[in-house]
Amino acid sequence: MEIHILPDLEALSHEAAEMFLSLSKRYIEGKGSFLVAVSGGSTPIRLFALLGSDDYKDIINWKGVHFFWADERFVPRDHRENNYRILRENLLSRISIPPENVHPARTDVSSVMISARTYEKEIREFFRSYRNGLPEFDLILLGLGEDGHTASLFPGSDILSEKNRLVASVDDHKHKYPRVTLTLTVINKAKNIVFLISGRQKAAIAKKVIKDKDGSLPASHIEQEKGNLFFLLDEDAGLLLK
Ligand code: 6PG
């Protein structure tokens, strides 16, 4: 586990962009592809915009990059809360990435359960063509909610003990919209996991997860058997970690 505390969100986003660039080079040169799952929320938006800016968009080999989602709200793709829309507006619309390299969860099916099953099938089929057929993302970008959730793994959810499924549906009426989420089973197989955490309001939960390792919090269960785990925080969010 590496903890990097950066002065502010801008510096955090630049550090994350540099990590994305170097990891993309490593994996595309090594195996021809860089398989990424991104989260929603507001923190990664600046990173997405940076990757789509003149500083990065022409030096990343997008033909080798595949985007998946760590979670998705079950709303239409043009809905303001749709995580695919956030990436499309801030990054995908600015780069030439083959459409077949973008793998959003479907929200045009009749239920969130079907969306989860369909996404799981797509992920399993995609990874079948890879080395050992296991769904091992090269990078998963995660955020941290003030309640300790990450992706759409919420405190007290029975999804946290799911061992077989790769994707689960969250339809417990505690959230504005139903969601689909990757499970810990697939998240904890990632070669690299990077948390992006920003803002004074995250300081307390960041301490509980990173320092106290409070097992009641879903984000505390993010740890690969083998793989690199990074926490990128700005000064405000890292206040209680020093
Ligand atoms: C989602 C996200 C969620 C997010 C955290 C942090 O779709 O809601 O995946 O897990 O990462 O809630 O959100 P902020 O970055 O907006 O604080």
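This is a predicted model: local features need pLDDT of at least 70, side-chain atom pairs count only at pLDDT 80 or more; totals for chains, interfaces and linings use all residues.
**Around the ligand**

I started with the shell around the ligand: by class it has two nonpolar, nine polar and four charged residues. For those classes I counted Ala, Val, Leu, Ile, Met, Phe, Trp, Tyr, Cys and Pro as nonpolar, Asp, Glu, Lys and Arg as charged, and the others, Gly among them, as polar. Numbering runs from 1 along each chain as its sequence is written, and side-chain values use heavy atoms, with hydrogens and water left out.

Which residues come nearest to the ligand? Of the 15 around it, I noted Ser42, Thr43, Arg73, Ala151 and Lys202. Near here means that a heavy atom of the residue lies within 4 Å of the molecule.

Next I looked up polar contacts (pairs of N or O atoms within 3.5 Å; within protein, one must be able to donate a hydrogen and the other to accept it, and residues adjacent in sequence count only if both atoms are side-chain atoms). Lys202 puts a polar side-chain atom 2.5 Å from a ligand oxygen. Arg73 also uses a polar side-chain atom, at 2.7 Å from an oxygen of the ligand. With Ser42 it is a polar backbone atom that sits 2.7 Å from a ligand oxygen. The ligand taken alone exposes 420 Å², and the protein buries 88% of that. I got those areas from the Shrake-Rupley method with a 1.4 Å probe; for residues, only the protein chains shown count as cover.

Where does the ligand sit? The space it takes is the largest pocket. I used a 1 Å grid over the protein atoms alone, where a pocket is an open set of points with protein on both sides within 12 Å along at least five of seven lines. A molecule sits in one if more than half of its atoms lie within 2 Å of its grid points.

**Two positive phi angles**

Back to Ala151, one of the residues nearest the ligand. Its phi is positive, about 50°, although Ala151 is not a glycine. I found Ala151 in the loop between β5 (139–142) and β6 (167–170). Helices (H or I, at least four residues) and strands (E, at least two) are DSSP runs, numbered from the N terminus.

Is Ala151 buried or exposed? Ala151 counts as buried because its relative accessibility is 7%; buried means under 20% relative accessible area, exposed over 50%, and partly exposed in between (1.4 Å probe, protein chains only).

His173 is another non-glycine with a positive phi, near 60°. I placed His173 in the loop between β6 and β7 (179–182). At 71% relative accessibility, His173 counts as exposed.

**Strands**

Val65 is in strand β3, residues 65–69. Its relative accessibility is 0%, so Val65 counts as buried. I checked Val65 against Gly32: they are 33 residues apart along the chain, with their C-alpha atoms 8.9 Å apart.

Ile193 belongs to strand β8. Ile193 also has 0% relative accessibility and counts as buried.

**Loops and a helix**

Asn188 lies in the loop between α5 (184–187) and β8 (192–197). Why does Asn188 count as buried? Because its relative accessibility is 16%. A polar atom of the Asn188 side chain lies 2.8 Å from the backbone nitrogen of Glu223.

Pro135 is in the loop between α4 (112–128) and β5. Pro135 counts as buried, at 7% relative accessibility.

Lys211 counts as partly exposed, since its relative accessibility is 48%. From Lys211 to His149 the C-alpha separation is 16 Å, and the two are 62 residues apart along the chain.

Terms used: On a 1 Å grid over the protein atoms alone, a cavity is a set of points where a 1.4 Å probe fits but cannot get out, and a pocket is an open set with protein on both sides within 12 Å along at least five of seven lines; lining residues have an atom within 4 Å of a point.
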